[in-house]
Each structure stands twice: as C-alpha cells, then as structure tokens.
Amino acid sequence: MPTARELVEQNKDRYLGWLTEACSIQSLDGQPDELAKMAKWVEDKLSGLGAAMSRLTYESAPDAILGVLGSGDRSVLIYDHYDVQPVDPIELWKSSPFTPEIRDDKLYARGCADNKGDLVARLAGLEVYKELYGEPPVTVKFLVEGEEETGSESFERITTQYREELAADGCIWEGMGIDHVGRPELVFGAKGLAYVELYYRGLAEDQHSSIAVIAPSPVWHMIEALSTLRSPGGEVLIDGFYDAVVGATEDDMKLLEELPFEAEAERERMGIESFVGDATDLELVRRYYFEPTCNIAGIVSGFTVPGASKTVLPKEILVKIDMRLVPNQDPDDIVAKLRKHLDSRGFSDIGINRFSNEHPVRSPSDSLIARAALAACSDVFEEKPAVSPMMIGTGPMYPVASTLGIPTVSPAGICRPDSNIHAPNENCRIDDFLHIIEYTVAWLKRFGELEE
Ligand SMILES: [Zn+2]
C-alpha cells in the first residue's frame, strides 16, 4: 500500500488541476453568477467523493454547501469558504488574478491561499483517505459558505436554522497557516471585531479658512472626540470597554511562553523603535494575543493632496475605526458603550454607522479534534507546531464554536506570511498545498482513532 505522501505525489497534477479550476472562477461579492458557479464546483467535487449534498439557504445570501460523507457516531464539521477578496489594485498583479500561474514553485491567483487552497486540499485529502483506507470511520460534514469575505452576515442565521444538520463533535475551521520558518500553526479561537464609522458635519458648506476665527471646526471637534478614546500607551479609554474582558489564564501564559515570537524581527519589519506601551518579552506576547484595540483605519476630510496647499475649513469629517475584541467582549455592547462615552463628553452630535460585527471566541485546546489536529502535525511536518490560544485576526467562528458549542480548531493551512492574502499577487507554495492534503488525511485518521 502506498503512503499518503506517495499517493499525493502521484496525483499531484490532478489536484493542482482542481486548484487551478477553483481559482479560475471569479467568486467575488457582487458577481452572483460566478458565486453560483463556484458553489456548483464545490458541490460537484463533494458529490464526486460520494457525499450526500444539500444547500443551506438564507434569504439572498449565496448558498452554503453541505456535503456529508463517511459514517460513524463521531463527527467532524469542516468549514471553508468559496468566495474571495476583490482584486484591486489590479495594476499591481504580475499575472491575471483569475488566470492561475505557477512561478518559482508557487501558484499565483486570487483565493489560492484564502481559502480555496485549503478547501481544495481538504477535498483532495478526503479522496486520498478513501483510496488508502476506504470510507472515513467518522461522519464528515463539509460546510462551505460563500459570504466570508464580506463578513459572513448570514452565517449565524444559517448555523441556527440548520443546527441539527451541522451538529458535530469537533470542527476544523478554515486554515491558519505555516509560519515563516515552516512551523504549522494551530489556534483555538479568534478575536472579534466592531467596525464603525464616525461622522460629523458641522457646517453647511466648506468655508474659506479665514472663517475659522468665528466658525467652529468640525475636524477639530472630531479630533477632540477621538483623543478621548485611547491613551498614548494604547489603553482604550471608552468607558467600560474592558468590563467583560477575560484575561489570559495561567495555562494560556504557559502556551505563550512556548510560542516562538520573534519580537526583534517584528520590530524591524514594522520599522519602529518600540512597541505600544513599551511592551517587551512575555508581556508583549500576551498583549499580541489578549489585548483588544481601538484602531483608526482611515480619516477623510478637507484638502488632502500631498505636496500641494489649499486653505479650507472643511464642513465635515469621516473616521473609520476598527475595534478588535477579545473574549468575552460583545460587539453590540462595545458600540453602545462608545455611543454613551461620546454622549457624556459633549459629542452626541457625532454619528456612528456600523459595519462588521463579530464576536470574539475561544474553544478548548484539549478537545478531541484539537488533540487530533495537534498530533497529526508530527505525521506530516518536520517542524514542531506553533500553538497559540487564538488568532489575532477575526473569523466568523463564534456561531459554530460558541452558539452550537462545537469544539473548534483552526489547524495548519497553506497560508504563509508572504502569501499576500487580500493583496495583489496572492500565492501559495505548491509544496505546502501537497503537505496540507497529506495533513488532512493525517488528522482525519487521528480523529477516528483517538480515545475519548
Ligand atoms: Zn479572507
């Protein structure tokens, strides 16, 4: 009998063909035909593997695809998404984003790393598993949604509506990655996000700036408000912002102590003298994983042409703010607190528009699926895994890990720090793609065999 690695190697061209097909479909928000084409592609692949198919629908959201295969009382839910990020700025791409191209052992295409590479690797992994060992000894529920890149707005409704179909003993979430030195990464949760736009219009029209002696400046008004939101040391000053925060436990700190975190390299990469609050060593790592933020993502107002001057008193200002949240902060509660904070300081005239809204989430690191994913790393990767409590970014994991209560792990995926996800020239290494196929076989096997 061949090994998983040999079988993957033998079928390399076939699986790369699948990835190329998937990455040629322009499954972008706002392109319903292409999204539908991609949904159909996933459906065909899964039913080709013998899965019983269904579509999970909710209003006008792109259909989520569910394929169920294998058998047995133990069950695993696999989550991926089939939509991709926009391609702009298109002029910075070296090859066309939807015409996958291989250069220097990397495949370049929009979505190849986020998240079609993982999706296809898992499909291929299921095929390899079947060839090696027959039907999976556990029930595999493969869920692929089409709305992730725009915030998974319907995902919570879908998971609630189809909670019985989705119930499982463990969940393999959209992949983490492989770090810069080749260590497979594993996490058990994600930060949340409250994204708001603050806006203020204080004048009927833009004024000549000489009028600033008598007309109040909307821009200064907003800046005065912004300066009440955060201290220079990084502490968020919104009243009650930290009330619900559950800090790092002793076990978390042990995990963090072992985590390879290269502070000096990070500092150099960012071109900074010191980190926020002058944090160093373990405190820096704790901060990285366990602190929430209040970040200004953009400010729009007045005359902004670099290298030119024009005097003006702008009539209005718009500020984009993203707040990365940690367990158990609630995005609704945080925005309500922001409103109250502004009102009580004389800024009730500043409006708030809301955008992304995601709960932070954590899952146990010793669940069956977590143990299987961790143990399988040593079957495939030479490097020891880098295990962290939760990802510093955000994903719609909350409805599955918290609402449905399914222990969830985000295991190694094909994304590397230089994969340029969400950016021009997105890429994945062919070797990583093949490794993740093999890794899928390994964790599935481990999950079937592990004792409770
Ligand atoms: Zn993404």
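## Overall fold

Helices, of at least four residues, and strands, of at least two, are DSSP runs numbered from the N terminus. By this count the protein has 14 helices and 17 strands. Its radius of gyration is 24 Å, close to the 22 Å that the globule rule gives for 452 residues, so the protein is as compact as a globular protein of that length. The model is a predicted one.

Along the principal axes, the C-alpha atoms fill a box of roughly 85 × 50 × 45 Å. Of the 452 residues, 42% are buried. Among contacts with a separation of 6 or more, 81% are between residues 24 or more positions apart.

## Two domains

The domain assignment gives domain 1 (4–188 + 363–449) and domain 2 (191–245 + 292–358). Taken over C-alpha atoms, the centres of domain 1 and domain 2 are separated by 37 Å.

Contact between the domains involves eight residues of domain 1 and six residues of domain 2. On the side of domain 1 that touches domain 2, strand β15 (residues 391–394) gives the most, with four residues. The residues on that side of domain 1 comprise five nonpolar, three polar and no charged.

## The largest nonpolar core

The largest nonpolar core holds 109 residues, and those that touch the most other members are Val76, Leu77, Leu143, Cys171, Ile369, Ala373 and Ile437. Helix α14 (residues 430–449) gives the most to this core, contributing ten residues. Domain 1 (4–188 + 363–449) and domain 2 (191–245 + 292–358) each supply at least three residues to this core.

Ala373 is one of the core members that touch the most others. Which residues is Ala373 in contact with, leaving aside its neighbours within four places in sequence? They are Ile172, Leu186, Val409, Pro411 and Trp443.

Strand β10 (residues 295–300) is hardly covered: of its six residues, the count that are buried is zero. A residue is buried if 20 or more other C-beta atoms lie within 10 Å of its own, so no residue of β10 reaches that number.

Strand β10 runs antiparallel to strand β11 (residues 316–325), and five bridges join the two. Within this pairing, Gly298 has Lys320 of β11 as its bridge partner.

Terms used. Residues numbered from 1 in each chain as written. Predicted model: local features only at pLDDT ≥ 70, side-chain atom pairs only at ≥ 80, totals over all residues. Core = buried A, V, L, I, M, F, W, Y, C linked by C-beta atoms within 7 Å. Buried ≥ 20, exposed ≤ 12 C-beta atoms within 10 Å, placed from the backbone. Domains from an automatic or database assignment. Contact = placed C-beta atoms within 7 Å. Nonpolar A, V, L, I, M, F, W, Y, C, P; charged D, E, K, R; others polar. Pairing = 2+ DSSP bridges. Rg over C-alpha atoms; globule rule 2.2 N^0.38 Å.
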